[in-house]
Amino acid sequence: MTIDSGQLDLQYDEVERSGGLDRLDRAGQTANASDPASLDRFKSELGKAIGEVDKLQVAADTQADAVAHGAGNLHEMALALEKADVAMRLAMRIRNKLVDTYNDIMKMGM
Amino acid sequence: MRVFDGTLARLERSLDVRLVRQNVLAANLANVDTPGFRPKDVDFAATMTAIEGSAGHGAEGTPSPGGTDGMGAGAPGQGIPADDLPIVDVPAGGASLDGNTVDLDRTMVAMAENALQYAASARAAGVKLGILRYVASDGNG
Amino acid sequence: MDFLTALHVSGSGLSAERTRVNLASSNLANAETTRGPNGKPYQRLDPVFEAIHMAGQNEAPTVGQAPLGVEVSQIVADQTPGKMVYSPDHPDADADGFVTLPNVNPIAEIVNLLSASRAFEANATAIETLKQMASRGLDIAK
């Protein structure tokens with residue numbers, strides 16, 4: 001199995017250049033129930049952010065596979081795994097916050 | 001629902017193979033002074049390829065009859081049966097008075113490399129399982 | 001093959017090399033011994049190393065593939081005749097006044113010592129490496 005390091009770099013560039021977290025944050029701040037477009041923006045940014053977390057998991061898996069085969073760069077693998085780990089933790093926090101907020105809103109409605 | 005994917009299975013198998021290689025290299029060192037002894041080694045890349053090939057669909061992570069993690073070689077928890085491994089004789093590097101062709105220094109280097117790769121695979125498996133554990137405990141663990 | 005097997009393999013290497021060191025030391029110590037326990041001059045001793053199959057602790061030995069440890073299968077006395085020196089006043093001199101010295105070459109024995117020492121170190125390093133690997137393996141379940 002050959003690992004194309006060019007492809008791996010591409011995965012990282014996409015994720016890092018996208019600045020997804022900043023856009024998600026801004027979309028969250030400006031979202032407004034009376035402005036459907038802003039809600040759509042938020043939804044799409046959320047979707048993209050989840051997609052990026054997934055990309056990092058895949059990149060980490062690719063690196064781990066390379067090392068499992070005896071090829072592969074050890075420090076790149078370690079970095080990829082850490083990025084995937086941190087991204088997942090961040091995603092979990094955001095998800096928990098969203099769930100909590102939703103529950104608060106539902107309680108308000110009563 | 002399959003929680004543990006193909007990458008984790010590959011890492012587990014790589015750990016097994018590395019341990020077998022450690023045994024083989026230790027045997028070479030123990031016999032560095034035994035007359036007529038030919039050193040052996042495990043062809044790591046070929047072994048990993050062979051294992052994934054024999055697992056068939058298992059290589060992609062789908063379940064196969066051999067085990068729950070898709071890598072068919074050996075039942076889970078029993079490692080790799082040593083009979084299946086390509087343990088090859090190392091070609092002799094030079095002349096030898098008593099027929100022993102163990103190269104002490106090369107063997108030490110191979111052992112160091114093997115241990116390092118083992119540590120890398122183990123660390124990767126640990127991090128992957130850590131991510132799963134974190135998610136499974138709802139962000140609390 | 002598992003950690004314990006590798007441990008025993010390297011342990012057998014340590015034992016065998018230690019025997020070699022002991023024999024080299026004995027040879028050196030007796031380099032001038034003209035009368036051994038059997039009344040004859042000291043004959044230098046050599047270990048004979050033999051590769052042996054070591055079964056894993058939990059598995060039946062598969063002869064072809066079990067890792068090979070080492071053992072000293074026998075200790076042989078070197079039959080090379082020793083140097084004869086003319087010394088008629090020596091208590092062990094023969095009828096012609098010659099004393100037979102042991103067939104020990106101190107330089108060769110020291111080289112043996114060094115070589116055995118190096119092999120011993122290598123096996124000890126193998127055990128250290130194995131311990132580290134085991135530790136990393138266990139860290140997966142931290």
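Predicted model: local features only at pLDDT ≥ 70, side-chain atom pairs only at ≥ 80, totals over all residues.
Residues are numbered from 1 along each chain as its sequence is written, while chains are lettered from A and ligands numbered from 1 in the order in which they are written.

Let me begin with chain A, which has 4 helices and 0 strands, where helices (H or I, at least four residues) and strands (E, at least two) are DSSP runs numbered from the N terminus. Read from the N terminus on, its elements run α-α-α-α. Of its 110 residues, 25% count as buried, and a residue is buried if 20 or more other C-beta atoms, placed from the backbone, lie within 10 Å of its own, exposed if 12 or fewer, and partly exposed in between. Two residues are in contact if their C-beta atoms, again placed from the backbone, lie within 7 Å, and among the contacts in chain A with a separation of 6 or more, residues 24 or more positions apart account for 55%.

Which residues of α2(A) are buried? In this helix, residues 20–30 of chain A, they are G20(A), L24(A) and A27(A). They lie on the same side of α2(A), because they cover an arc of only 65 degrees around the axis, the arc being that of the directions from the helix axis to the C-beta atoms.

Now to the contact between chains A and B, which takes 17 residues from chain A and 18 residues from chain B. On the side of chain A, the elements that give two or more residues are α3 (36–68) and α4 (74–109), and α4(A) gives the most, with 10 residues. That side divides into 9 nonpolar, 3 polar and 5 charged residues, where Ala, Val, Leu, Ile, Met, Phe, Trp, Tyr, Cys and Pro count as nonpolar, Asp, Glu, Lys and Arg as charged, and the others, Gly among them, as polar.

How does α3(A) pack against α1(B), residues 6–30 of chain B? The angle is about 20 degrees and the axes are 9 Å apart, with axes taken as lines fitted to C-alpha atoms, for helices over the stretch in contact, and angles running from 0 to 180 degrees between N-to-C directions. The two helices are therefore roughly parallel to each other, since angles under 35 degrees count as roughly parallel, over 145 as roughly antiparallel, 65 to 115 as roughly perpendicular and the rest as oblique. From α3(A), the contact is made by D61(A), A64(A), D65(A) and A68(A), and from α1(B) by T7(B), R10(B), L11(B) and S14(B).

With α3(B), residues 104–136 of chain B, the axis of α3(A) comes within 9 Å and crosses at roughly 150 degrees, and these two helices are therefore roughly antiparallel. Here A64(A), V67(A) and A68(A) meet A120(B), S121(B), A124(B) and K128(B), a contact with 5 nonpolar, 1 polar and 1 charged residues.

Finally, the contact of chains B and C takes 29 residues from chain B and 31 residues from chain C. The side of chain B has 22 nonpolar, 5 polar and 2 charged residues.
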